[in-house]
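This briefing concerns the structure shown below.

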Amino acid sequence: MKLMHGKLSPFVRKVMVAAAEKGLTGDIELVPTRVAQGVVNAELLTLNPTGKIPTLITDSGESVYDSLVIVDYLDQLRPSPRLIPLDGTERRRALTLNAAADGLIIAGVLAKGEAARPEERRWPEWITAQWAKVQACLAALEAGLPPQGDALTVGEIAAGCALGWLDVRAPEEAWRGRHPGLAAWFDAFAARPSMQSTKPSL
């Protein structure tokens with residue numbers, strides 16, 4: 001399998017952590033892939049019409065895209081440990097955590113992108129609204145994550161990758177001081193070998 005890869009993408013990292021937890025890392029070839037605002041990657045568009053990473057190319061040549069869909073595919077390849085539970089309640093909990101984590105990242109990226117525009121073209125209210133979403137997602141994660149040591153799902157993986165992204169890309173937000181319980185959970189989760197081996201570097 002081939003994974004269209006970007007070293008700073010938390011969505012790519014989610015897939016890499018999932019693969020590591022399943023013992024599939026050695027079956028995946030990482031393909032560095034350039035994506036950026038205002039850049040058209042024509043080759044990637046032929047594989048994934050959204051032009052985003054991660055995109056997984058299976059051994060049969062099928063394109064699988066969106067990090068959650070890729071994790072679902074990895075669950076089919078190797079059902080144990082299952083990262084997207086089959087049970088209704090546990091499944092909803094895992095997928096809801098995943099949604100909150102992804103929402104945090106998307107809002108943070110939008111806020112930082114807008115803040116990088118020239119001051120005269122900036123929309124301050126938009127930036128404020130996006131960071132408010134980040135704070136709401138942090139609160140949802142803190143309320144929804146189980147004690148460390150409980151069953152691992154895509155929800156915990158997504159949360160870990162989102163918080164890792166926030167530490168690296170938006171340290172000025174100082175989220176840890178407002179959410180000490182979540183920070184303690186993340187520090188313990190980040191010690192997992194799968195998180196250590198996929199830790200992003202600037």
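The sulfur of Cys161 lies 15 Å from the closest cysteine sulfur, that of Cys137, which is too far for a bond. A disulfide here is a pair of cysteine sulfur atoms within 2.5 Å, and a search of the whole structure finds zero of them. The model is predicted: local features need pLDDT of at least 70, side-chain atom pairs count only at pLDDT 80 or more, and totals for chains, interfaces and linings use all residues. Residues are numbered from 1 along each chain as its sequence is written, and side-chain values use heavy atoms, with hydrogens and water left out.

**Cysteines**

- Cys161 counts as buried at 2% relative accessibility, where buried means under 20% relative accessible area, exposed means over 50%, and partly exposed lies in between (1.4 Å probe, protein chains only).
- Cys137 is in no disulfide, and with a relative accessible area of 14% this residue is buried.

**Helix α1**

- Helix α1 covers residues 10-21; helices (H or I, at least four residues) and strands (E, at least two) are DSSP runs, numbered from the N terminus.
- From first C-alpha to last, the 12 residues of α1 reach 16 Å, close to the 16 Å expected at 1.5 Å a residue; the expected span is 1.5 Å times one less than the number of residues.
- Helix α1 is largely enclosed by the rest of the structure, because 11 of its 12 residues are buried. Among them are Pro10, Arg13, Lys14 and Glu21.
- The cover over the buried residues of α1 includes strands β1 (2-5) and β2 (29-32), together with helices α3 (67-77), α4 (88-115), α6 (154-169) and α9 (193-196).
- At the start of α1, a side-chain oxygen of Ser9 comes to within 3.3 Å of the backbone nitrogen of Phe11. This is a polar contact, meaning a pair of N or O atoms within 3.5 Å; within protein, one must be able to donate a hydrogen and the other to accept it, and residues adjacent in sequence count only if both atoms are side-chain atoms.
- Phe11, in helix α1, is buried with a relative accessible area of 18%.
- Leaving aside residues up to four places away in sequence, Phe11 touches Ile53, Pro54, Ser67, Asp102, Ile105 and Ile106; contact means heavy atoms within 4.5 Å.
- Phe11 and Gly23 are 12 residues apart in sequence and 19 Å apart in space, C-alpha to C-alpha.

**Helix α4**

- The end C-alpha atoms of α4 are 40 Å apart, which agrees with the 40 Å that its 28 residues should span at 1.5 Å a residue.
- Asp87 caps the N-terminal end of α4, with a side-chain oxygen 3.3 Å from the backbone nitrogen of Thr89.
- The buried residues of α4 include Asn98, Asp102, Leu104, Ile105 and Glu114, and the buried residues of this helix pack against α1, α3, α5 and α6.

**Nonpolar core**

- The largest nonpolar core has 57 residues, of which Leu104, Leu141 and Leu166 touch the most other members. Such a core is a set of buried Ala, Val, Leu, Ile, Met, Phe, Trp, Tyr and Cys residues joined through side-chain atoms within 4.5 Å.
- At least two residues of this core come from each of β1, α1, β3 (55-57), α3, α4, α5 (124-144), α6 and α8 (180-189). Helix α6 gives the most, with nine residues.
- Leu166 touches Leu104, Trp131, Val134, Leu138, Pro171 and Trp175, not counting residues up to four places away in sequence.

**Aromatic pairs**

- Rings of Phe, Tyr and Trp (its six-membered ring) pair if their centres lie within 6.5 Å; planes under 30 degrees apart count as stacked, over 60 as edge-to-face and the rest as tilted. By this rule there are three aromatic pairs.
- Trp175 and Phe186 form an edge-to-face pair, 6.3 Å centre to centre with 70 degrees between the planes. The pair links helix α7 (residues 175-178), which holds Trp175, to helix α8, which holds Phe186, 11 residues apart.
- Trp175 is buried at 2% relative accessibility, and Phe186 is buried with a relative accessible area of 6%.
- Trp185 and Phe189 are stacked, because their ring centres are 4.9 Å apart and their planes are at 10 degrees. Both residues lie in helix α8, four residues apart, about one turn of the helix, and both are buried.
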